[in-house]
Amino acid sequence: MLNIALFGPPGSGKGTQSKKLIEKYNLAYISTGDMLRAEIAEDSELGKRVKSVMDAGELVSDELIVQILEKKIKNLTDAEGILFDGFPRNLVQAYILKGLLCKLNTELTAMISLEVPEEELMERMLKRAELEGRSDDNPETIKNRFRQYESKTRPVSGFYREMNRCYPVDGMGRVEDIFQRVSDVIDSL
Ligand code: AMP
């Protein structure tokens, strides 16, 4: 199986690249952010619990993330691998992912990290706020999401670097060019 975790700060283009990658490589897509937003849209019990956390730009608890992942993993079709977008977000989740893939008799092939300078990120996020109207894309929440990323999520890249599974990719420029760079990494695995 080809199991990829797409990694990078908010606004680095993970969602955009994911859509193209799942199609090209026939991967199942697991975006914890999309799954949480779906729970909110359904107004489920879980959705009610996570809304205020997401609106504040904080990370949802690992326990809830495990709950939604287990739901999804049961319904995996016969894809050729899994693309994780926005997960793992901290070191505990990196271990959760390891266990989850181990249960499926597989492991993470690569963690691909989209590298984008912070000034560019803020600009992209504000543009997205105008286009998509995501309730957590306002300047205050965005700042907190960056803080969460720096303190909790960035250390995850070190975890995979130590295992020689971390592949940084320049996330600047045209979507197609970034996609080519990411594809080149995957094709070289
Ligand atoms: P995203 O769509 O990946 O940018 O996620 C949007 C928000 O959902 C984040 O700011 C968090 O509040 C929450 N979230 C998404 N994925 C996770 C995760 N793996 N762990 C904790 N919180 C998450």
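How many residues apart in helix 7 are Lys143 and Glu140, and what does that make their separation in helical turns? They are 3 residues apart in helix 7 (residues 139-162), so about one helical turn separates them. Helices here are DSSP runs of H or I with at least four residues, strands are E runs of at least two, and both are numbered from the N terminus.

Quick housekeeping before the rest. This is a predicted model, so local features need pLDDT of at least 70 and side-chain atom pairs count only at pLDDT 80 or more, while totals for chains, interfaces and linings use all residues. Residues are numbered from 1 along each chain as its sequence is written, and side-chain values use heavy atoms, with hydrogens and water left out.

Lys143 and Glu140 meet in a salt bridge at 3.9 Å, N to O; by salt bridge I mean a side-chain nitrogen of Lys or Arg within 4 Å of a carboxyl oxygen of Asp or Glu. Glu140 is exposed at 54% relative accessible area, and Lys143 is partly exposed at 41%. For those words, buried is under 20% relative accessible area, exposed is over 50%, and partly exposed is in between, with a 1.4 Å probe and protein chains only.

The structure holds 15 salt bridges. Take Lys20 and Glu176, where the closest N and O atoms are 2.7 Å apart. That pair links distant parts of the chain, with Lys20 in helix 1 (residues 14-25) and Glu176 in helix 8 (residues 175-187), 156 residues apart. Lys20 is partly exposed at 24%, and Glu176 is partly exposed too, at 40%.

Then there's Arg128 with Asp137, a salt bridge at 2.8 Å, N to O. Is Asp137 buried or exposed? Buried, at 4% relative accessibility, whereas Arg128 counts as partly exposed at 22%.

Now the ligand. There are 16 residues around it, and Thr32, Arg37, Glu58, Val60 and Gln93 come nearest; a residue counts as near if one of its heavy atoms lies within 4 Å. A polar side-chain atom of Arg37 lies 2.9 Å from a ligand oxygen. Gln93 has a side-chain N or O atom 2.9 Å from a ligand nitrogen. Arg134 puts a polar side-chain atom 3.4 Å from a ligand oxygen. On its own the ligand has 480 Å² of accessible area, and the protein covers 96% of that. Those areas come from the Shrake-Rupley method with a 1.4 Å probe, and for residues only the protein chains shown count as cover.

Last stop, the aromatics: 4 pairs in the structure. Rings of Phe, Tyr and Trp (its six-membered ring) pair if their centres lie within 6.5 Å; planes under 30 degrees apart are stacked, over 60 edge-to-face, and the rest tilted. Phe7 and Tyr149 make a tilted pair, 5.9 Å centre to centre with 45 degrees between the planes. Phe7 sits in strand 1 (residues 2-7) and Tyr149 in helix 7, 142 residues apart, so to speak a link between distant parts of the chain. Both are buried. Phe84 and Phe87 are tilted as well, at 5.9 Å and 50 degrees. Phe84 is buried at 0%, and Phe87 is buried at 1%. Finally, Tyr95, Phe159 and Tyr160 form one aromatic cluster.

Methods: A polar contact is a pair of N or O atoms within 3.5 Å; within protein, one must be able to donate a hydrogen and the other to accept it, and residues adjacent in sequence count only if both atoms are side-chain atoms.
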